[in-house]
Amino acid sequence: MIGDNLPALIVVIPLLGAVIAPLLGRGQGPWWLATVVCSTVLALSGLLLTRVLAHGTLSYALGGWVPPIGIEYRVDRLNALVLLIVAAISAVVTLYARLSVAKEIAPERLRFFYSAYLMCITGLLGITITGDAFNLYVLLEISSISTYILVALGRQPQALRASFNYLVLGTIGATFLLIGIGYLYLATGTLNMTDLAVRLGEMSHNRTVRSAFAFIIVGASLKLALFPLHAWLPNAYTYAPSAVTALLAATATKVGAYILLRFLFTIFGLELSFATLRADVVILLAASVAVIVGSLAAIRQDDVKRMLAYSSIAQIGYIALGIALVSVTGLSAGILHLFNHALMKAALFLALGCVAYRINSTNIRDLHGLARRMPWTFAAFTAGGLSLIGVPLTTGFISKWYLLRATIERGWWPLAIIIIVGSLLAVVYVWRVVEAAYFHPPAESAKAIHEAPAGLLLPTWALVLANVYFGIDTQLSVGTATAAARALLAAAGGTP
Amino acid sequence: MDWIGHYNYWIYVVLMMIGFYAVIAKPNLVKKVIGLGLFQTAAFLFYISIGMVDDGTAPIVWGHAVRYSNPLPHVLILTAIVVSVSTMAVALALVVAIHRAHGSIESNLIDGSPPKKHE
Amino acid sequence: MIAALAVPLVGALLIVLAGRKPNLRDAVTLITATTLFLCVASLTPDVLAGARPRVALAQILPGMSVALAIEPLGMLFALVASFLWIVNSVYSIGYMRGNRESKQTRFYAYFSIALAATIGVAFAGDLLTLFLSYEVLTLSTYPLVTHKGTPEAIRGGRVYLGLLLSTSVGLFFVAIVWTWQLTGTLNFTTGGILSGRASPLVAGILLVLFCFGIGKAALMPLHRWLPAAMVAPTPVSALLHAVAVVKAGVFTVLKVVVYIFGLEFLQGNGAADVMVYVAGATIVIASVIALRQDNLKRRLAYSTVAQLSYVIMASLLLVPWSVVGAALHIAAHAFGKITLFFAAGSIYTASRKTNVSQLAGIGRRMPWTMGAFAIGALTMIGVPPTVGFISKWYILLAAMDSAHSLVVVVLIVSTLLNAAYYLPIVYGAFFQSAPRTDLHGEAPLPIVAATVACAAGAVLLFWLPGLPLALSWDIVGGAR
């Protein structure tokens, strides 16, 4: 019974949690609820992934209405993996949130925080699992609106402006998506993704479909924060509470990438996306610029949180680059980096959250000499940074390996150079922090600072170790990513 | 091509651009929110238009009806309206909070000056 | 074989645990070093007998694993590095205590990790494992370079890390991925894996990528990190930047040339000739720069840059003799240069002198140290009876054999230059008179003992070159 309803439960459980959370009063109740919900979701998504790997694509008719009339939940290898990422990261971040959020948010707001938090996760999981285009829009808005709330809860007053800007841009992006979906419906008369894919097969020269394509790609890129549609990201990440930043960086943009993948490959197909409309050229250009500009901007930041935000823009560029190479290796690299970047960025933001917990600042000048006071925190940060650079034995290395292979396979040397330059720039910005923390003499006020509490360190280190583990044993990540890439390409009509 | 016959599509595009302009050009945050509302509403108009069937009546079971409009876009847009209302609510709440924190809702004034202390 | 990798890592852990008690910690360091050497030495007879043991550790990507495998070249390198680590540990203990350096526990712990990485480089079974150990070596030596924590040390560390990481990620890594893309394997295979799979042009580009990408080989213009690393305490400069790290670089180049390209495959490829000239130019230019350095350690560093290019040049002459010469030179230079660094550190500990111009007459106060220094200098120049002569002899033979007359000229010029920047130091130390104010004596006993032991090693290897020679010949298939 539970087994059959797995896909629905993954979305329904956090949704119920979001409704119940505000009722649990002002104590730690909401947090416990969030913990239970997130770990349950994690277990379920793990189960779902093993099932999909064993039996192939699962289809689930929501409410018993058979697709295409009802809403279909459809789980294949790709979204099973993304589901697992979202569930795993949110579970770890929830554990972390207890202390971190309690410090950054007023106690009377805590229950609403957890409500919005669970709602956000609901939306992200829903986007990933749904097989219905309009449903995707609704869930996107559910996750976005709760994200605006979460960002606005940040301690500094600038958080409100950041949230407002994100809201404006996010709503425009979502509305673009809505219009695009409308055009698709106009052209095909269906909203089910599988149906859409079938009917769009012969419509690549239809003008309505082309407009739909443009609207949807722009909308999804906004959510993904692909250059030049990234303007909302730095402020939102900088001013949001630490736990929220980690969650957003690791999951929200990944789901954005998923939307892009789903529309480009499954729905529009290779013929339309790449042979006729050459989306790959546009995305490649945007991604290349994102890698370089994002990294350069990261180097110039004094606030480490903002630095990591810009680094995210660069890393999103890597993901998009892999996707736009449109080959099995490239696509695997993109999906793999989606997974790996979630791990490393979450680890980095959590480590930074530990710092913020102790010193209430993330400015690089306030970090001077702190490594002696907080050795575990900065060891975690350094490890995450090494992964970001792509040092062997970390997940970052595996991503870079595949990305580079994919570009060399195609013989596109300029891209290979961009990937490498991006890595080198990452060395610069990571090392700025390392030097500040390890080599600069600490300020007088830093003498009284202690290591972050275990409640924050354990989740952080869990992610750091995951970074190392998936850098060595890549069966799960590489295996699933390659299989998903193959399936996507096969369903989209072979190699162009 | 029937240019005039597609007037509601023209209107949707024009409305949308007016909204978009307000979002970009107006420094006042409330005006931005209004622009955003226009932008979204224009999209709803578009959806409702695509459900339109010539000579169709509202999709309510009624004995005299010859044919009905397509009900699906209408239903979809109900959902989208709910979404839009919640977005609006959050946006306005944010504007109120910004006013409290900065003492202004003119974005050009806020961005230049340091925020007041958080109470 | 795994033990050889595990011993220094366990050692590092124990060092951290024993950090509170300096005596115990130093004992742990010595025991670890000795155990490691015994481990490595116990593998030698099998390798000499022709065994090529191989252990796969983990499967990182489909068809690509982290594996250890021993072949004669790696054996030779591991033997040299692990033996000199023992001597170096003795020396470090004297040096670190004599100079009251801070954070000694961290120092010894990272030292052990660096040694584990060196063994990893030596015993790597494929290019990926090698790359991995190579990067670990870079990162684990960074805290050693910046040990003093002064702004100067940080600057040095920045150059060190920046150059080594950017070359390895920017060029070496690309070359590895490309090789994988071409061949589908990264295993070290006798005769090479690229033969028949890469066009001469691609092979040439790959060779350039490899040679410059392996920044640890300090080929000009990517040599700047080596002088920068001299801000580190002397034991680090001695073992790591005369033996482990730089030798890891040239060792990698040699290994790539022999086991990835294959000698026959590269023959006649213009890129190999170009790289020979680049190496030759590096030798001459670095020697000239060394001549102008007053700081003793910097002079030694530039001398190292030059000597490393001997190995690269030799390996790219692509005849069996040259490979033997290159392998031998790894060992010969190791013994010679570590002696020189030890002597420099000894001088610093006893007298706080760091510049060549201050060394007049110091030989009378520190006869043992400067005696060892003289032997080290002779090894660098290649004068019998030191082991430096043997390796240079082989390289010279190879150059004649392959008709690279320019290489012969480079060898002669650089020998003269070597003599020009080393002999005046020795002469001044013994035959000029010191200022009256100098009242210091010899450095502490562990330092002097270690210095003399290394010098003795350099001489001993001239008379008994059997083992390194046998291993070197095994690399090219034993055809004497």
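How many residues does the contact take from chain A and how many from chain C? The contact, which here means heavy atoms within 4.5 Å, takes 25 residues from chain A and 29 residues from chain C. This is a predicted model, in which local features need pLDDT of at least 70 and side-chain atom pairs count only at pLDDT 80 or more, whereas totals for chains, interfaces and linings use all residues. Residues are numbered from 1 along each chain as its sequence is written, chains are lettered from A and ligands numbered from 1 in the order in which they are written, and side-chain values use heavy atoms, with hydrogens and water left out.

Between chain A and chain C about 2600 Å² is buried, with carbon and sulfur atoms giving 81% of that area; buried area is the accessible area (1.4 Å probe) that two parts lose on being put together, summed over both. Of the area that chain A buries against chain C, 26% is supplied by A:Trp401, A:Glu435 and A:Phe439, more than by any other three residues. A:Glu435 also takes part in a salt bridge with C:Arg158, their side chains meeting at 2.6 Å, N to O, and the rule (a side-chain nitrogen of Lys or Arg within 4 Å of a carboxyl oxygen of Asp or Glu) finds one salt bridge across this interface. On the side of chain A that touches chain C, helix H16 (395-410), helix H17 and helix H18 (454-472) each supply at least two residues, helices being DSSP runs (H or I, at least four residues) numbered from the N terminus. The largest share of that side, nine residues, comes from H16(A). By class, the side has 18 nonpolar, three polar and four charged residues, where Ala, Val, Leu, Ile, Met, Phe, Trp, Tyr, Cys and Pro count as nonpolar, Asp, Glu, Lys and Arg as charged, and the others, Gly among them, as polar.

Of the two pairs of chains in contact, it is chains A and B that share the most contacts, while chain B and chain C do not touch, their nearest C-alpha atoms being 35 Å apart.

The spaces come next. On a 1 Å grid over the protein atoms alone, a cavity is a set of points where a 1.4 Å probe fits but cannot get out, and a pocket is an open set with protein on both sides within 12 Å along at least five of seven lines; lining residues have an atom within 4 Å of a point. The second largest pocket has a volume of about 990 Å³, and of the 37 residues that line this pocket, A:Arg109, A:Ile149, A:Ala152, A:Leu153 and B:Leu94 are the closest to its centre. H3(B) gives the most to this lining, with 11 residues.

There are two cavities of 30 Å³ or more. The largest cavity holds about 100 Å³ of space, and among its 13 lining residues the closest to the centre are A:Gly170, A:Gly173, A:Ala174, A:Leu222 and A:Lys223. H6(A) provides the largest share of this lining, six residues. The second largest cavity, with about 30 Å³ of space, is lined by residues of chains A and C, including A:Ile419, A:Ser423, C:Val169 and C:Phe173. Helix H17 (413-439) of chain A and helix H6 (151-183) of chain C each supply at least two residues of that lining.

Terms used: Points joined across faces, edges and corners; volume = space filled by probe spheres on them.
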